[in-house]
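This report describes a single protein chain, moving from its helices to its nonpolar cores and then to the chain as a whole. Please keep the sequence and the model in view while reading.

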Amino acid sequence: MVWLATLVAAVFWFSNSTVQHLAIGGGPRSSESFQFASALQQVINHQRQQEYVELFETGGTAENLRLLQSGRIDMAEIQGDAEIPDGIVAVARLYPDAFH
């Protein structure tokens, strides 16, 4: 019985102490997309000890889509008019992007 309690406690401790890693494709460093992703990274990394966000500079939407499909990043900013391949899910519209 003691081993069961120890096992349950160990599983609970490990599941609560694991840091979740999130890789984000932010676009070119000079872009609004990168600046937004950088702000998101800073807030999460400062406020949340169980999550760690790593931000990658990319070439933009086309590269972000390739990196998402390959599993090298977990999230990315994609232009609203881009064709989204199967298997990639939009989470939110961040801002209007009418002049691209």
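Which exposed residues does the face of helix 2 turned away from its buried side carry? That face carries Glu-32, Gln-42, Val-43, His-46 and Gln-47, where exposed means over 50% relative accessible area, buried under 20% and partly exposed in between, with a 1.4 Å probe and protein chains only.

The model is a predicted one, in which local features need pLDDT of at least 70 and side-chain atom pairs count only at pLDDT 80 or more, while totals for chains, interfaces and linings use all residues. Residues are numbered from 1 along each chain as its sequence is written, and side-chain values use heavy atoms, with hydrogens and water left out.

**Overall arrangement**

The protein chain holds three helices and three strands, which are DSSP runs numbered from the N terminus (helices H or I with at least four residues, strands E with at least two). Read from the N terminus on, these elements follow the order α-β-α-β-α-β.

Helix 2 has 16 residues and spans 23 Å from its first C-alpha to its last, close to the 22 Å expected at 1.5 Å a residue; the expected span is 1.5 Å times one less than the number of residues. Ser-33, Phe-34, Ala-37, Ser-38 and Gln-41 are buried in helix 2. They cover an arc of only 130° around the axis, which puts them on the same side of helix 2; the arc is that of the directions from the helix axis to the C-beta atoms. Gln-41 has a relative accessible area of 18% and is therefore buried, and its contacts beyond four places in sequence are Val-53, Glu-54 and Leu-55, contact meaning heavy atoms within 4.5 Å.

In helix 3, the buried residues are Thr-61, Asn-64, Leu-65, Leu-67 and Leu-68. Seen down the axis, they fall within an arc of 165°, so they line one face of helix 3. The face turned away from this buried side carries the exposed residues Arg-66 and Gln-69. Just after helix 3, Gly-71 takes a positive phi of about 85°.

| Helix | Buried residues pack against |
|---|---|
| Helix 2 (residues 32–47) | strand 1 and strand 2 (51–56) |
| Helix 3 | strand 1 (20–25) and strand 3 |

**Nonpolar cores**

The largest nonpolar core has six residues, namely Ala-23, Leu-65, Leu-67, Leu-68, Ile-73 and Ile-88, a core being a set of buried Ala, Val, Leu, Ile, Met, Phe, Trp, Tyr and Cys residues joined through side-chain atoms within 4.5 Å. Helix 3 (residues 61–70) supplies the largest share of this core, three residues. Apart from this core lies another, of five residues, among them Phe-34, Ala-37, Val-53 and Leu-55. Leu-68 touches Ile-73, Asp-74, Met-75, Ala-76, Ile-78 and Ile-88, if residues up to four places away in sequence are not counted.

**An exposed glycine and the chain totals**

Gly-80 is found in the segment after strand 3 (75–76), and Gly-80 is exposed, with a relative accessible area of 74%. Gly-80 and Ala-90 are ten residues apart in sequence and 9.8 Å apart in space, C-alpha to C-alpha.

Of the 100 residues of the protein chain, 23% count as buried. Residues 24 or more positions apart account for 53% of the contacts with a separation of 6 or more. The protein chain exposes about 7600 Å², of which carbon and sulfur atoms supply 58%, by the Shrake-Rupley method with a 1.4 Å probe.
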